[in-house]
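Keep the sequence and the 3D view open while reading.

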Amino acid sequence: MYTESNANTGADSGSKSIVSNDNNINNSSHKSVDKTSLNRQLSVNLDKMEKVLKVKAKRFKKSLNDFKEKVRIEAMEMEINRCDDNKRLKQVLGGWALGPKHMHHLATKPYEYNASAGSYLELLFLQKFWIWLAQYIPIWMSPCVITATGLLINIITSIAVLCYAPDARNEVPTWCFLICAVGVFLYQTLDALDGKQCYKVQCTQIEEVYDHGCDAVSTIFVTMAAACAVQLGRTPELLFLLFLSTMIAFFSTHWLCHVTHQMVFGRVDVSEGQWVMIIVHLCTAYWGQRIWHTTLFWDTGPQLSQLLAILTIISMSVTVVRNISMILGKKTPLDEMNVQLVRRTDNIWAPVVPIAILTIFAVMSYSIGYFHVSPLLFIFTFGFAYAKVTIKLVMMNCCNGDMDYWDSSLTAPLLLATNTRFLALLHPKTALLCAFVYSLMDLSRYFTYCSWDLRLALDLNIFSIKYPVGHPKNRRQCLGYYVNGFNNDIVLNNSNNSNKTDSNSKLVV
């Protein structure tokens with residue numbers, strides 16, 4: 001029978017089971033809390049260990065770099081002690097404008113030049129004309145002589161116009177435009193022939209720097225001479241924009257080469273622009289400068305000179321956009337022909353910094369009024385600064401270097417932009433003249449130093465052929481691909497060939 005004692009016994013056992021269950025729950029909760037705290041402590045310890053390891057790795061890297069620098073200095077001192085001539089000393093310590101790494105790269109690495117040309121006029125008749133003329137150039141003539149001759153002709157003919165119209169507003173005699181047209185044609189022809197001569201006698205970084213360096217300077221003169229022909233100085237805003245767009249477009253082409261290691265020319269490019277200038281000079285010589293003041297569409301519409309300037313600015317802007325798109329990853333003409341070239345991936349935006357700073361200074365100086373003081377001095381001052389930065393970029397392309405964020409060519413524009421606005425130390429015309437002299441001297445100094453460094457590093461002459469064709473040290477052939485519109489099939493057939501030296505000597509002739 002179920003008695004009271006049995007009931008008490010059941011109640012006791014039930015209470016014991018409840019207590020035991022509570023104990024189990026408490027034990028499990030304590031265990032989960034212990035695991036959570038353990039995991040938290042473990043993560044904290046791991047973070048501390050990671051920080052300690054990073055600090056030690058940083059110290060080790062610093063000590064390793066210090067050791068490498070110490071070894072490099074000792075090796076340099078040993079090399080200096082063995083140097084018995086100035087040439088070898090410059091290669092070890094660095095040149096006048098280049099560092100030791102740049103000099104070593106020029107002296108030891110093979111030269112490679114890649115380019116894709118073939119505009120409409122070149123395919124129509126210019127390339128055939130240039131190839132025909134190239135066979136009459138003597139083999140003893142240096143390509144730099146041809147380049148410098150073309151630049152000298154362009155400067156002389158342009159100065160003849162600028163002397164009569166330094167503000168791009170005055171009337172100019174007819175004969176000045178005739179010789180300007182002839183000068184642009186001769187410059188274009190000689191600028192094309194120096195490249196043909198390179199592959200005949202000597203093809204090195206010297207020829208590339210002189211070719212593009214002279215182009216940078218010539219762009220200033222031909223632009224200003226064409227502006228004088230149409231009297232664009234009567235619209236100073238357009239003249240200023242024309243100057244800026246031309247110099248920035250020229251720079252962007254070499255910035256593209258800095259990143260992709262190839263010069264890219266469009267279907268409508270430099271050759272077409274030069275022929276437009278020739279036609280402008282011939283039309284001005286025949287009809288006079290008044291023809292460019294003809295209004296279009298309506299009585300108060302734009303003048304012919306203004307329309308020509310606007311179209312030129314638009315074409316320069318299109319060129320800049322095209323070059324930037326290829327810098328950012330769009331295929332170049334050589335890429336479309338399956339020619340594999342390694343792109344630069346580090347510091348690709350470094351060349352933009354000095355150009356952007358220079359452009360800001362130019363806009364500031366224009367807003368202050370320096371342009372109206374003397375358009376010619378203003379364009380030459382900033383034009384030489386643009387040319388200096390562009391030539392420096394070409395040098396960095398040749399020696400595989402990086403552009404600095406600041407350049408000495410920015411000093412005069414900086415002082416010019418801050419003179420009237422902040423300091424007011426000099427009269428605007430005096431300040432502009434001082435800035436012009438500084439820009440000219442800075443450009444001349446840098447180009448001279450680059451010439452000395454190239455001559456020492458490559459052991460070659462600039463205006464003469466030190467090692468003629470057939471000499472073991474002659475550098476007639478170089479690596480790379482040159483496409484001119486007539487040899488595309490040859491390039492495609494040889495794009496997968498590892499030995500490109502022999503094929504490239506056939507590509508250009």
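The largest nonpolar core holds 97 residues, and Leu106, Ile206, Leu232, Phe378, Phe380, Phe382 and Met395 are the ones that touch the most other members. Helix H14, residues 375-399, gives this core its largest share, 18 residues. The model described here is predicted.

**The protein as a whole**

- The protein has 18 helices and three strands.
- Of its 509 residues, 46% are buried.
- Among contacts in the protein with a separation of 6 or more, 78% are between residues 24 or more positions apart.

**The nonpolar cores**

- Ile206 belongs to the largest core and is one of the residues there that touch the most other members.
- Leaving aside neighbours within four places in sequence, the residues in contact with Ile206 are Cys144, Leu454, Leu458, Leu460, Asn461 and Ile462.
- Another core, of 11 residues, lies apart from the largest one; its members include Tyr113, Ala115, Met263 and Tyr482.

**Helices H5 and H6**

- Helix H5 covers residues 143-164 and helix H6 covers residues 174-201.
- The two helices pack with their axes 8 Å apart, at an angle of about 165°.
- Because angles over 145 degrees count as roughly antiparallel, H5 is roughly antiparallel to H6.
- The crossing of H5 and H6 is left-handed.
- In the contact of H5 with H6 there are 19 nonpolar residues, eight polar ones and one charged one.

**Helices H3 and H16**

- Helix H3 (residues 100-108) and helix H16 (residues 428-458) cross at roughly 50°, and their axes come within 8 Å.
- The angle makes H3 and H16 oblique to each other.
- The crossing of H3 with H16 is right-handed.
- On the H3 side, Met103, Leu106 and Ala107 take part; on the H16 side they meet Asp453, Leu454, Leu456, Ala457 and Leu458.
- Sorted by class, this contact of H3 with H16 has seven nonpolar residues, no polar ones and one charged one.
- Leu106 of H3 is also among the residues that touch the most other members of the largest core.
- Leu454 and Leu458, which H16 brings to the contact with H3, are also in contact with Ile206.

**Met364 in helix H12**

- Met364 is found in helix H12, which covers residues 352-368.
- With a relative accessible area of 24%, Met364 is partly exposed, because that class lies between the limits of 20% for buried and 50% for exposed.
- Met364 and Leu416 are 52 residues apart in sequence, while their C-alpha atoms are 9.1 Å apart in space.
- Met364 is in contact with Ala417 and Arg421, leaving aside its neighbours within four places in sequence.

- Most residues other than glycine have a negative phi.
- Asn338 has a positive phi of about 65°, although it is not a glycine.
- Asn338 is found in the loop between helix H11 (333-336) and H12.
- The relative accessible area of Asn338 is 49%, so Asn338 is partly exposed.
- Asn347 also has a positive phi, near 55°, and is a residue other than glycine.
- Asn347 lies in the loop between H11 and H12.
- Asn347 is partly exposed, with a relative accessible area of 39%.

Note on methods
Residues numbered from 1 in each chain as written. Predicted model: local features only at pLDDT ≥ 70, side-chain atom pairs only at ≥ 80, totals over all residues. Heavy atoms only, no water. Core = buried A, V, L, I, M, F, W, Y, C linked by side-chain atoms within 4.5 Å. Buried < 20%, exposed > 50% of the residue type's maximum accessible area, 1.4 Å probe, protein only. Helix = DSSP H or I, 4+ residues; strand = E, 2+ residues; numbered from the N terminus. Contact = heavy atoms within 4.5 Å. Axes fitted to C-alpha atoms, helices over the stretch in contact; angles between N-to-C directions. Parallel < 35°, antiparallel > 145°, perpendicular 65-115°, else oblique. Left-handed = near helix turned anticlockwise from the far one by under 90°. Nonpolar A, V, L, I, M, F, W, Y, C, P; charged D, E, K, R; others polar.
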